[in-house]
Structures are given as C-alpha cells and as structure tokens.
Amino acid sequence: MDRPDQELAELLNTLGARLSAAPPGALAHLREPLRALRARLDAVVDASASPHLGEGEAHFRALLSDAIGCVSEGFVLFGADGRLVLCNDRYRAAYPLLSDHLIPGVRFADLLRVAVERGAAGDDLGDPSDWIAERLNRHIRSGPPTDHQLGDGRWYRISEHATRFGGVVKILTDITELKRHEEALADSEARYRRLVEMAPYGILIWDGQRVRFANRSAALILGSGDPEAMLRIPLVEATEFDGVQRLFDWLPPPGSGLEAPPPVEARFVTAQGALRELEVGIHPFAVEGEAAWFLVLTDITGRKQAERAIQQAQKMQAIGQLAGGIAHEFNNMLTAIGGFAQMARRAPQDRSRVEQCLTEIVKATDRAAGLTAQLLSFGRPGQTDAARPVRVGAVIDDLRRFLGPTLGERHPLRIEGAGGGAVVTIDPALLHQSLLNLVLNARDAMPEGGPITIVVERTDDLGVTITVADTGCGIDPAVVDRIFEPFFTTKEPGAGTGLGLALVYSTVARAGGDVEVDTELGRGTVFTLRFPTEDVAEPQDADAPGLDAFGLDDAFLLDAADDEMEGLSMAATVLLVEDEAQVRDFIRLTLEDMGMRVVCAADGSEALRAYADHGGAFDLLVTDLVMPQVGGASVARALRRENPDLPTVLMSGYPPETESLDDLLADPKSGGRRIVFLRKPINPDELADTIHALLI
C-alpha cells in the first residue's frame, strides 16, 4: 500500500477513535459505513499485487469520501508533502474564499497565497510572507484546539492532529451557538456589573472573614476601597448595640443558622475620620458554595441632617408659638395688674375703690400663677407631687355640682356608666380641670344647646375610660392633629387660651393613660380618656377635691376679706435668702408683719456669711432655691449641718423634683416635718400658715 493509502488508513483510524469517544447515540449512522470501509481497506491491502488494485482503490476512496461527507464536522487531510488528500463539503463551506481550490492535490502553501490574493489577510497587508509563514507553521505544529471565526462568518473549534506519516488531519466543530451564548452571558454579566458599580448604594459581600466584593459606591461611602481597611472601620453607634465596634463585628457569622438581622442604622467613622450615618440591609448569599452576607449600604447622612434640621425648625416653631401664647396671656394679666394698680394710686383716699382694685390685682396674679402651673405641668414626666389615689366617681360628682348653674337647661349634663368606683392615681385638681375643659369645649361646640354626656366604664384590662361626648359642630379634619398643641385654638381671638386640651393630654399622659378623639363635622365630638386603675383601698369621699382647690373660676375663689394673719404674730429671727429684690422685699414685709426680725441676703454666699456673723442665732431659714453661685439647697444643707433642727422653708418657681431635694424633704432627723417646699408665686397667707406650723 503506497503513502496515500497509508494516510487514508490513518484517517480511518482517527475517525474510528472519534467515533468510539463520541457519546452513545452520536454518529451512530456512521458506524456501519466505517466498518465496511475498514473491511474494504483490509481487502485492498491483502490484494495489493492484484491487477485489479486501481479499481479497488477508487472504490475505497469513494466509500471514504461518502463517509466523511456524512459527518456534521468539517474534515480535511493533508499529506506529508503538504497536498490536500481529502476534505468534505462542510470544510469547504467554512472557507468560501477557497472553496473552488479545495481539491485533492493542492498544496496548503498555495491555498494561503490564494487567500492573500482574495483579501483574507486584510487590504493593508504589505509583505504577505510573514502571514503565510505563521499559518504554515501553525499548520505543521499540532497544538491544542483553537477557536476561530472563519470566512463563512461562523465560529469553529479547530483541532489539528499530525499523522504518523507526516500528514495533518483538521477537524472543524461549529461552535457558533456556543459563542453566542457565551457572548450573551458575558454581555449580561457586564451589564449587571455596570449596574452594580453604578448603583447609588454600596454593595458588599462578606464571607465572615474578608470582604469578597465591594462596589464603587461602597468604597465612596466607607472612604476606602481596600477590603482590609473596611474590616477595621469602627461603628460609633448602631441600633443593635451600645458603644463602639468594628463595622462587621456585630454581624452573626454567615451560615450560622441565625436569621438575617433586620436593617440597622449606624454611625461610623470613615478612614478619613469623617462621621457618617448609614443604613445597612443584610441578606443571605453564597460565594463559591460558601455562606456569606450580602450587605446593602445606604448613606443616610444627608437625610438625617435634613430630618434634624426639620425637627429643629419644628421645635423653634413650637417654641415661637408657645412664647407668643405666653406673651399674649401675660400681657393681658399685666394690663389688668398695672391698670388696677394705677387706678388705686390715683385715688388712694377712696378705700372702696382701692379694695376693688386690689381684689382685681389678686385675681390677675392668681390667673398668672395658674397659667405658670399649667405650663410647668406640660413638660414634667410622671406624676405630680399632688398625685394620689382618687375615686373617679367622686371627682365627677363634684364636677356635676359645680357645672350645674354654669351649663343651665340648654346643655343638660348626663352622667352614665358603672365605673365610677374605679380608683386612679392622679392629681385630683388636674383631673377636675381636664374634665371641666372638655365639658366647656362641648358646651361651646353647641351654641344652640344640646346634651353633654360623660360615661365612665371599666375595661377588660382592668382600666377605666371616661368619655365626654357632644353633638355639636365637630372639629375640622385639617386641624384635628393639632388640637393638643399648647396655645392652639379654633376659637375666636380672646375666646380661648389654647391650653385646655394641652392640659388634658399632659394630665392623662402623666397618669399613664392616653387620649383619643373621634369627631365628624356637624355630628359632634367624643373624647375618650383611658387610665390604668390602682389596686388600692378606695379613698374616702373626703379625698375628693373641693372647688376651692382648683383655681377654676374667680367667683368660687374669692371669699370675704379677713385678716388671716391676725393671731399668727410671733417673735422670731429669720434669715431670708432671695436674689430677686422685689420678691425679697415682699417676703420681708410679710414676715415683719408677723412680728419677726428679718436678716436679708441676696444670694447663697451672702447668706452663709450672715449666718456666721450672727453666730447662727436664727429661728428660721426662708430661701429661694435657684440663685447664682450658691443655690438655696446648698445653703440649707450647710446650715442644717450646723443646726439640724433649723426650720426651713424652700421656695421655687420650678417643681421640687427638678431640684434634687430628696435628702432635705425626707430629713431622717426631723422626719421631714421641719422642712417644707412652697411653690412660687408665694401667697402671704400660705406663707404665714406654713411658718406658724413650723415654729409652734
């Protein structure tokens, strides 16, 4: 058998090997033709001396060509001399520029020259020798399969195999669809990578040990693109912990079986030392089959700053509204005080007129004191010092007796429900005032008349509800959210202060309850007050507040004038400490009217010197609490260390709980009986009674 026949035999072996390696079922249609072709080749070899050899070889070549033509891959065989021995149509289709030259006997080098002539190497190729040499070298040298886009525009994986006799077998596998899928996948990955990189929020993948991925936004937010530096970034504060931790230390290990933590807000310091605020969303993820956390970082620094600015603006607006309301109310009171004082001054000889003016001045000061007390109550958390167990029914009965003449027949007051025996811990005066405000608002909402209903009911959770309902005009939905704001009112100017509902809300809230309002224009309003009840012995009816305890109406406050200080005169030496000159003079005159000798001091330091100068010979200490330098509480503590039995009156316009007076008001040496607290403004009769009780 000559060299071409050997090449054909080897090609047949190659085909058989590829057929054996093919998956089951693939190329099954070629098994029988190749088996027959092999048998025919063996017969040709055995009959090599036969005169009929030429006829057998031609038949063999026809069979081989037919078998290769049935294969979906492109096949070509070049002999050792570089000439083409055999190729199929699939191979020719891959090279449309050379298809007419792909015939047995053509040299590979000649094919390359034709390709150059027909533009396969490009139009700007000068000397084609290097291009031809490179492809000749690649043709001879068998290497791993390579991918190329050929002349028909399709992609092929070209496998080149050297034969034992110096020839070359090339197999072209069409991978165009595979390339399209790869390109589509690459485009998709590139698109999603661009989306991730361009996202305005940071994206991090953390496997519990290191940062596996961080997009550009994450690097900008954290101030560093270095994964190691990211691990060292400290969190100053977060919703999940107190103190300082590193950025990732508060996360549970990925894959620990714990649920992903909810989104958290945190404040952290960037690598450049800038303080920023961050919202972190946490989601389970997997990297190379291992559990990880997928973190979404949103920089909320700007939003938080804007929120704080809005809150500050709202606070300033509320303060402005509060200040305006206070100024309005106090201007009215000062007008009355100053006006009546001037009237009395113009006619001092007219005793009845002077008494009338003084009476009106006292009324105005009482109104100012009541306003101050309400303002202080709005900002005081918890119960007031006057809170005690109160039977709700007793307060409402007292309210009914008080309001009967005021409401009249046009606004009948109905009391319903079986919860009147409930006991609530509350300041009874504030509860009385709150219910009074609601009833009077209900009356004003029904100018043509209508019933006002108060219902007291027990609740399933052992609480109690008090509802105050009317059938009046209702509240505009546009303002219903503002009705509890101090000094907000829907009434005409001068008809209301805007403090009534604010007092209701603060009173109920301090008692541990809440307030709801249900209203509809033209159909009325229902206020519901919910209170927790106390499991205590029911108080006696005497604990119910009397009308004179509330300061609600001047007609119920003013009694006939009498000289209550008569009979309280006593000889005593008093150390009076007050930094406000007018207040100091007022209290000094009050004490001197009682027959006392008064030594005055304008501040705490002066008081300590006066005490030392007089050798501690004082029977009573009367001191303001809030003063510059040394305050009244410090003075009291210092003097009672010298004289533990020294009776003391502490005065302040602030609530006692803001002054840290527990050690004084519960003095174990005196059982607290020799120290009392009086709230400003000071009533001279109350001061006289208090001092008399301390000294007798």
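User: What do the numbering and the confidence limits cover?
Analyst: Residues are numbered from 1 along each chain as its sequence is written, and side-chain values use heavy atoms, with hydrogens and water left out. The model is predicted, so local features need pLDDT of at least 70 and side-chain atom pairs count only at pLDDT 80 or more, while totals for chains, interfaces and linings use all residues.

User: How many helices and strands are in the chain, and what counts as one?
Analyst: The chain has 20 helices and 24 strands.

User: Why is H5 called oblique to H6?
Analyst: The axes of H5 (residues 108-117) and H6 (residues 129-140) come within 10 Å and cross at roughly 140°. Angles under 35 degrees count as roughly parallel, over 145 as roughly antiparallel, 65 to 115 as roughly perpendicular and the rest as oblique. H5 is therefore oblique to H6. The axes are lines fitted to C-alpha atoms, for helices over the stretch in contact, and the angles run from 0 to 180 degrees between N-to-C directions.

User: Which residues of H5 and H6 meet, and how do they divide by class?
Analyst: On the H5 side they are Phe108, Ala109, Leu112, Arg113, Ala115 and Val116, and on the H6 side Trp131, Ile132, Arg135, Leu136 and His139. Contact means heavy atoms within 4.5 Å. The residues of this contact of H5 with H6 divide into 8 nonpolar, 1 polar and 2 charged. Ala, Val, Leu, Ile, Met, Phe, Trp, Tyr, Cys and Pro count as nonpolar, Asp, Glu, Lys and Arg as charged, and the others, Gly among them, as polar.

User: What makes H16 oblique to H20?
Analyst: The axes of H16 (residues 581-593) and H20 (residues 684-695) come within 10 Å and cross at roughly 55°. By the angle rule, that makes H16 oblique to H20. Phe586, Ile587, Thr590 and Leu591 of H16 make the contact with Pro684, Leu687 and Ile691 of H20. By class, the contact of H16 with H20 has 6 nonpolar, 1 polar and no charged residues.

User: How many disulfides are counted, and by what rule?
Analyst: The count comes to 0 disulfides. The rule asks for a pair of cysteine sulfur atoms within 2.5 Å.

User: Why is Glu288 called exposed, and where is Glu288 placed?
Analyst: Its relative accessible area is 72%, so Glu288 is exposed. Glu288 lies in the loop between strand E11 (275-287) and strand E12 (290-299). Although Glu288 is not a glycine, it has a positive phi of about 55°.

User: What makes Gln629 exposed, and what is its phi?
Analyst: Gln629 is exposed because its relative accessible area is 72%. Phi of Gln629 is near 65°, a positive value in a residue other than glycine. Gln629 is found in the loop between strand E22 (620-624) and helix H18 (632-642).

User: Which omega value goes with the peptide bond from Lys680 to Pro681?
Analyst: Omega is near 0°, and the bond is cis. Pro681 is in the loop between strand E24 (675-679) and H20.

Conventions. Helix = DSSP H or I, 4+ residues; strand = E, 2+ residues; numbered from the N terminus. Buried < 20%, exposed > 50% of the residue type's maximum accessible area, 1.4 Å probe, protein only.
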